[in-house]
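Here is a short briefing to read alongside the model. Let's begin with the ligand and then step back to the whole protein.

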Amino acid sequence: MGPPGVGKGTQAEQMQALLGVPHVSTGNILRAAIQQEGSPLGQDVRRFVESGRLVPDDLMGDLIAERLGRKDASGGFILDGFPRTLPQVSILEKVLNGLGLPLDKVLMLVVPESEIVRRLSGRRTCPSCGAVFHLESRPPTVSGICDVCGSMLVQRPDDTEKVIKERMKVYNDQTLPVASIYRGRGILVEVDGLGEVDAVRARLNAGLGKGLALS
Ligand code: AP5
C-alpha cells in the first residue's frame, strides 16, 4: 500500500524476483487492457484510470479473483494496488478464503507529499514492457529510450498535475481507511519510503518479519 508514486511498483517488481512469487499490480492489469485495441474492458476502464478515479469495485473483484486463481499465484503473490476501498477488503478476504491462502502482511510505504510530486512528475514508463524510470533518480541509459526493450518512453496520462491531485484525494478519502482496518488487525507495517531504492527494499524486507523475510 501507499499513495500514488510512493514506489510500490518499483519495490514489488524487485521483491517478486527475490521472493519468487508474482507481482500482481491492478494498475498494470488495467493499463494492459487499455492498450489492447478493441478490448471492451479497456474501453470501460480508460475513463476511470485516466481521470484518477477508481474503477468500480465489482469489476475489480472479478479481475483480482481471476488473476489470483492462476497457477503462478498458487504459492503466494505480492499485491500492489489492491485493496483500495473498504468493499475491496471484503472481496479480497473472500478470494483468499476460497484459495486457502492467508494475508500475511500489509506493507505501507510512506513519504512526504513533496517527494510524491517529484517522483510522479519525473516518472517515465515504457508502453511496451512496462519498465519504470525516473528522469533524476533512475534515468535510462539513452535519454527517452527503454533500457529493457528499446521502445520510446512516455509519461503516463494520469501523471499530470490535475490528475495527481485527484488521485491523492481518492487515496486519502477511500484508501487510508483500508490501512486503518489492517492496522486494527495488527498486520500493517508502515515503512519509510525515502532514500535509495535498495535501502527502502531492505526496510520492507525487515518489515516482512520472521518466516517471510529473505535471509
Ligand atoms: P496504479 O498504477 O496502482 O497507480 P498508483 O497507486 O497511483 O501508483 P503508481 O503506479 O502511480 O506509483 P507507485 O507507487 O507504483 O510508484 P513507482 O514505483 O512507479 O493505479 C492507476 C489507476 O488504476 C488508479 O488511479 C485507478 O484509476 C486504477 N486502479 C488501480 N487499482 C485499482 C483498484 N484496486 N481499484 C480501483 N481502481 C484501481 O515510482 C514512482 C516514480 O518514483 C518512478 O519514476 C520511480 O522510478 C521513482 N522511485 C521509486 N522509488 C524511488 C526511490 N526510493 N527514490 C527515488 N525515486 C524513486
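Which of the 35 residues around the ligand come nearest? They are T10, R53, R84, R123 and R167, where near means having a heavy atom within 4 Å. Please keep in mind that this is a predicted model, in which local features need pLDDT of at least 70 and side-chain atom pairs count only at pLDDT 80 or more, while totals for chains, interfaces and linings use all residues. Residues are numbered from 1 along each chain as its sequence is written, and side-chain values use heavy atoms, leaving out hydrogens and water.

**Around the ligand**
- R119 places a polar side-chain atom 3.4 Å from a nitrogen atom of the ligand.
- Of the 1,100 Å² of accessible area that the ligand has on its own, the protein covers 96% (Shrake-Rupley method, 1.4 Å probe).
- The shell around the ligand has 14 nonpolar, 11 polar and 10 charged residues; Gly counts as polar here.
- Helix α2 (26-35) is one of the elements supplying at least two shell residues, and α2 gives the most, with 4.

**The whole protein**
- There are 8 helices and 6 strands, taken as DSSP runs (H or I, at least four residues, for helices; E, at least two, for strands).
- The radius of gyration over C-alpha atoms is 17 Å, which agrees with the value near 17 Å for a compact globule of 215 residues.
- Buried residues (under 20% relative accessible area, 1.4 Å probe, protein chains only) make up 42% of the 215.

Technical notes: A polar contact is a pair of N or O atoms within 3.5 Å; within protein, one must be able to donate a hydrogen and the other to accept it, and residues adjacent in sequence count only if both atoms are side-chain atoms. The radius of gyration is taken over C-alpha atoms; the globule rule is 2.2 Å times the number of residues to the power 0.38. Buried means under 20% relative accessible area, exposed over 50%, partly exposed in between (1.4 Å probe, protein chains only).
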